[in-house]
Amino acid sequence: MNTLATHAPVLLIAVPLLGAFATPLVGKLGRGARDLFVGLIVALTAALAGLLAADFFAGSGVPSIYVLGGQGLSIPLPSGMTVPIRILFEVDGMSAFMTLITALVTLAGAYFSFSYWRERSGGSMYFSLLLLLTAGIFGMELTGDMFNFFVFLEITSIAACGLIGFRVWLKKSQEAGFKVMTLYTLSGLFVLLAVALLYGQHGALNMAFIASQIGTLGVTVVDKIALGLLLTGLAMKAGAVPMHMWAPDAYGEAPAPTSAILVANSQASLYAVFRVLFTLFGIGASIATNGWILIVLAVLTIFVGVTMALVQNDLKRLIAYGAVSQIGYMLLGVGVGLVRRASLVVGGAALADKATALDYGFVAMQGGIFHMLNDAACIGLLFLTSGAVIRASGTRDLNKMGGLAHRMKWTTVFFIIGAFALAGIPPFNGFASKFLIYEASFKLSPFLSVIAILSSIMLLAVFVKAFQGAFLGPKVGLAVDAEEAPLGMLVPMAVLALVVIAFGLFPGFFVDTIVTPAAKALWYGRDAYIGAVLGGG
Amino acid sequence: MGGCGMNQDGMSVIVRTVTRFVYGLILVFGFYVIMHGHLTPGGGFQGGAVVASAFALLLVALGTAGVKGHLNKHLLQSLEEVGALAFLGLAFAGIGTAFFYNLLANTGGGFFGVGVPAGPNAGVLNAGGLVPLMNWAVGLKVMTGIACIVIVMLVGARKEGTE
Amino acid sequence: MNVGNFPFVIAALLVVFGLYALLFKRNLIKMVIGVSLVETGVNLFLVMLGYRSDGAAPIYTYANAGERMVLPTPQALTLTSIVIGLATTALLLSFAVFVHGHYGTLDVRKIKELRG
Amino acid sequence: MRKALLLVCFLFVTAFLLLAATSTRPFGTPNEAAMDDYFIANAQGEIAVNNVVTAVVFDYRGFDTLGEATVLFTAVISVLALFRKRREDEQWGGAA
């Protein structure tokens, strides 16, 4: 038995935490030592995430358990008990998939930061917060315990707000910091209230146990209220539209590399929404309603995100609204899947057949989940290029930029790749996943896919405008002697660009190896998720 | 800002004298709460908060100039990181079995390994395995962390809050 | 003594008061107080869920033999969430300090550079 | 308009919370206490600790406590970072 792979779930959190606690101490030795240390920690974390994912996707697909502090690693129940008493991690296809996304974005963001933050103050604290944010996101994705999830949610909230307000000399960053912290806290408290209600109802905090209780006892009023609070809180944290007001501020005001990681943070909340809807409440008559709620949120998010992006003149804020609209595509894919799943027979075997026959609901889920990975890569790439552009031109206002393409050739190329991928233009990865979403949502309702396609076209117009404003035309202001971004920035951008192209050229391979297991874990993995903890099936 | 009683020189002589007297008592009580966390109500967090409140009292009563040299921000921050690392290290100690495995409890005497009789009893101080050690680590972390926040905000708010 | 659901209603009202302050007050500090009130309400709700009628504190040092004890888990959870509340309040107040430094006011109606 | 919308939201949430409070089980009568009874019964035997809450905080749910310590650490680092000593070009209204 490979011990490192066995301990990978907890090391994935413990290693960045170790890095975060030690970074300020190592930082006293000087910048070189600190950068080396953080670089090692980030590389080790990414390697662990890769190991975890490789181990899982090569295995049989049964969720694996890690019991914290138990006598044995995979014995969740003490003898004679039917309730798991310790905190445990549960890794299924979806969790393993999400850790891959986080690892990719963190790797690019952290290595970009080494150059980006070179001549700024407070570097040790910056990297410490960055590692804490990463650890929190990994925790949200791996934990199988409701309260533990809330704790990690709060870690990401506080670390994210510390990073958003990090450049205290910017007026807007402080306003954004206060606003985002208030809304994050509120969303965290909604989640905590829901956890309290579920604990009061079922006397336990383990997700699998609560799911099985809801399955056997039926959905009570208290459970429904808890579901409502969880959905509100998590959709708020993910930036879905009626509760999206913080998202453009957060993405726009945070330092560029952290904006990319904040998108991974939003996706972790989105993962939690899916986990709640499919695993915790994946049974009973109300799941079709839940699916339609997701679809309404999705359509609003796509539409409002793109429309608001059209009117922006601030480069970061424009990309931020683009990021908001992409959350809508993921919600749309999974929402269509949820509605379709409700209309099929409720039972593991029938659902498994539909997955192998590629029912349109399952295809929609594949599209939505694949789009999370694609969005992380291309939005991350866009935020990194925006960082390079703003650093070179000294402004974020598109009206005051221009002519950067003359001197910053590589950055221009990367921006084009990211923008095309986000708008869903064929050779890039955004097309691969959006096509699955269009195709599947058309079968549920043509209206949905029309909205999705039109919004993508509008998004292309937005990025053409931004491209024209920043890169084309005569050289304005600082652009006259703007220099190409240093190698330390170009390499992380190139890595993300390669990922974007690879996923666009070989979508079939990636869908088969990593996306399908993740979609299956949600589609019919509920019984396996519960069975891994409580035994039986 | 001057009107709220907190300034460079601190508060009146009465307050300062009482503070000097009470300060030690609060510290002793805080350390007692941390040390007996596994026997009586309390623990690392509560005790740490009590000790931090003693620091805050000192800061308010004697003023920021009065405690210069006693409470060093950088030292406090380093100690907090040491506390956090110690806690993480204790959690790592049991990784041979599982993360957070309590490998010292009930080893039969020695270092925090004494067992306790079942049912109500007066309590054994040398028991609990890693629990008392974790209490100390967390206590160190909380007392220095909160003190750090209080000092930084008290000094910084005056400087940064008004342009 | 049977009090039904009355204590839970009190906790819910505390949350409601906090939300009121958060939504309708115009001063940043009062909004922070609102957030704190919501936190207190949720913590109160959480710790009340652990009460068992006629139960004693779950500490054997002080317990009498054979006594019924209240549930320990909610107390542990509340401890965690109180510390989290402390952390968020500290950060919110720090942001309020800097907002005041930049804008010269704590009135939310005058702090609106981030619209649209 | 904005205020009316807020008021509607507020009233909705109020009703929701009161419904939650009234539909929870009565005060003092836990539905299900198997997990907590296990803690009460086994804290002394397994962890050798008299204070059951401490046993839960530092052993059974120790990972939550690590998270909680991390939250406090994050807050301290964030506050220290906000009030840090800045460079010359990082004063009010400095470069983006």
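**View 1. The contact between chain A and chain D.** The contact takes 45 residues from chain A and 42 residues from chain D, two residues being in contact if their C-beta atoms, placed from the backbone, lie within 7 Å. Helix 1 (3-27), helix 4 (123-142), helix 5 (146-164), helix 6 (171-202) and helix 8 (221-238) of chain A each supply at least two residues of the side that touches chain D. Helices (H or I, at least four residues) and strands (E, at least two) are DSSP runs, numbered from the N terminus. Helix 5 of chain A gives the most to this side, with 10 residues. By class, the side of chain A that touches chain D has 28 nonpolar, 14 polar and three charged residues; Ala, Val, Leu, Ile, Met, Phe, Trp, Tyr, Cys and Pro count as nonpolar, Asp, Glu, Lys and Arg as charged, and the others, Gly among them, as polar.

This is a predicted model, in which local features need pLDDT of at least 70, side-chain atom pairs count only at pLDDT 80 or more, and totals for chains, interfaces and linings use all residues. Residues are numbered from 1 along each chain as its sequence is written, while chains are lettered from A and ligands numbered from 1 in the order in which they are written.

**View 2. The contact between chain B and chain C.** Here 16 residues of chain B are in contact with 16 residues of chain C. Helix 4 (residues 130-160) of chain B gives the most to the side of chain B that touches chain C, with four residues. That side of chain B has eight nonpolar, six polar and two charged residues.

**View 3. The largest nonpolar core and A:Val500.** The largest nonpolar core has 350 residues, and A:Leu381 and A:Val500 have the most contacts inside it. Such a core is a set of buried Ala, Val, Leu, Ile, Met, Phe, Trp, Tyr and Cys residues joined through C-beta atoms within 7 Å; a residue is buried if 20 or more other C-beta atoms, placed from the backbone, lie within 10 Å of its own. Helix 14 (residues 360-393) of chain A gives the most to this core, with 20 residues. Not counting residues up to four places away in sequence, A:Val500 touches A:Ala377, A:Cys378, A:Leu381, A:Ile417, A:Gly418, A:Ala421, A:Phe428 and A:Asn429.

**View 4. Chain C.** Chain C has three helices and zero strands. Its C-alpha trace spans about 65 × 30 × 20 Å along the principal axes. Buried residues make up 49% of its 116 residues.

Notes
Buried ≥ 20, exposed ≤ 12 C-beta atoms within 10 Å, placed from the backbone.
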